[in-house]
Amino acid sequence: MHRTHNFSAGPAALPTEVLQQAAEEMLDYQSSGMSVMEMSHRSSIFVDIAARAEADLRELMGISDDYHVLFLQGGATGQFAGIPLNLTAPGDTMDFIDTGAWSKKAIKEAGKYCQVNVAASSSDSNYDHIPDPSSWQLSADAKLLHICSNETIGGVQFKDFPESSSTLVADMSSDILSRPVDVNRFGLIYAGAQKNIGPAGLTVIIVRKDLCGKARTETPTFLDYAVQADADSMSNTPPTYGWYLAGLVFAWAKAQGGLQAIAEQNAAKAKLLYDAIDGSNFYTAPVHEAVRSAMNVPFTLADAELDKAFLSGAEARGLFNLKGHRSVGGMRASIYNAVPMAAVESLVSFMSEFENEHG
Ligand SMILES: *Cc1c(COP(=O)(O)O)cnc(C)c1O
């Protein structure tokens, strides 16, 4: 079997053990004679898979009964519309902290449905920091305050979450399950699955129950949280295989020791990589140290002319998908939960060799 060290930003690496289990169960899931992909979502065998996945996620994240957990289609992008449609009325205001490309997309989409107030933005410095909360221009009457807990492209991560008089909403697509979070601080947390949860096509929404049931009449039914919660996320066909795979990832995360243990692993991986960057005269990390992401690590080489040689040298060593996003340039190493320490060690040793050769 050949597996690369995969630093893709998303869809991203999944734990090898999870893929092995999925492979073993592919043709004949627990003697049912069929693949999970081929089962009715109404069958008791799939309903069990779905319920176990939800229970494991609740346990991992400490999600109380005050919250619904929904497993829907449509990506995090679907929720950029779903959130204002469900949680605001026309004319209501959503506050946003604009910390990068994903914040910007969420702001643009919400603007179709409600008033948006960009309370703070780091766009003037190419999203290299989070503006200090004391400078935020929050509106007095906002319904929601939206943050992106981890900007996947820029590599900027909230290390602690803001206090807010309005309801806090977070796009956690690229750092959910990477560390413990106090869910009770949030009205809603949402995440596309393809970074830290499972395959693309599944979106997880954790929403406080009292916020649901007031969706606008024009809300598409499949995006209506109350309808989906009543139907156990099966008002339309849910992404069944993605849900099953997410369940395997949740079980894997529990076996790692839960989110505290995973957070320690992630911190050690990130430290190794950022220390290598900071300790060189050749690599630069553009993001302010205090908010550097433990999941997505952008860095540039001293000479952009060497980018191609770096990428091909990396691939020759089995290190894949390191090319940075075009808006940032250089490299980006995404080191999600499923990327092992060995992959980061291998990257760091290649970086040092490359610097010695070209620096
Ligand atoms: C990937 C990503 C998205 C978009 O997810 P889709 O599933 O493509 O809609 C949104 N926000 C963040 C932070 C992401 O990393």
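**Close-up 1. An open sheet of 7 strands in a predicted model.** The strand order is β2-β10-β9-β8-β5-β3-β4, with mixed pairing. Strands (E, at least two residues) and helices (H or I, at least four) are DSSP runs, numbered from the N terminus. Two strands pair if DSSP finds at least two bridges between them. β2 (67-72) and β4 (115-121) are the edge strands, each pairing on one side only. From one strand to the next, the twist averages 15 degrees.

**Close-up 2. Strands β8 and β9 run parallel.** β8 covers residues 167-171 and β9 residues 188-192. 3 bridges join them. A170 has I189 of β9 as its bridge partner.

**Close-up 3. Helix α3 packs on the sheet.** α3 spans residues 75-87. It touches β2, β3 (93-98), β5 (144-148), β8, β9 and β10 (203-208); contact means heavy atoms within 4.5 Å. The directions of α3 and β9 make about 155 degrees. Axes are lines fitted to C-alpha atoms, for helices over the stretch in contact; angles run from 0 to 180 degrees between N-to-C directions.

**Close-up 4. Helices α1 and α6 pack against each other.** α1 (residues 16-25) and α6 (residues 240-255) make an angle of about 135 degrees, with axes 9 Å apart. From α1, the contact takes in E17, V18, L19, Q21, A22 and E25. From α6 come Y241, Y244, L245, L248, V249 and W252.

**Notes.** Residues are numbered from 1 along each chain as its sequence is written. In this predicted model, local features need pLDDT of at least 70, side-chain atom pairs count only at pLDDT 80 or more, and totals for chains, interfaces and linings use all residues; side-chain values use heavy atoms, leaving out hydrogens and water.
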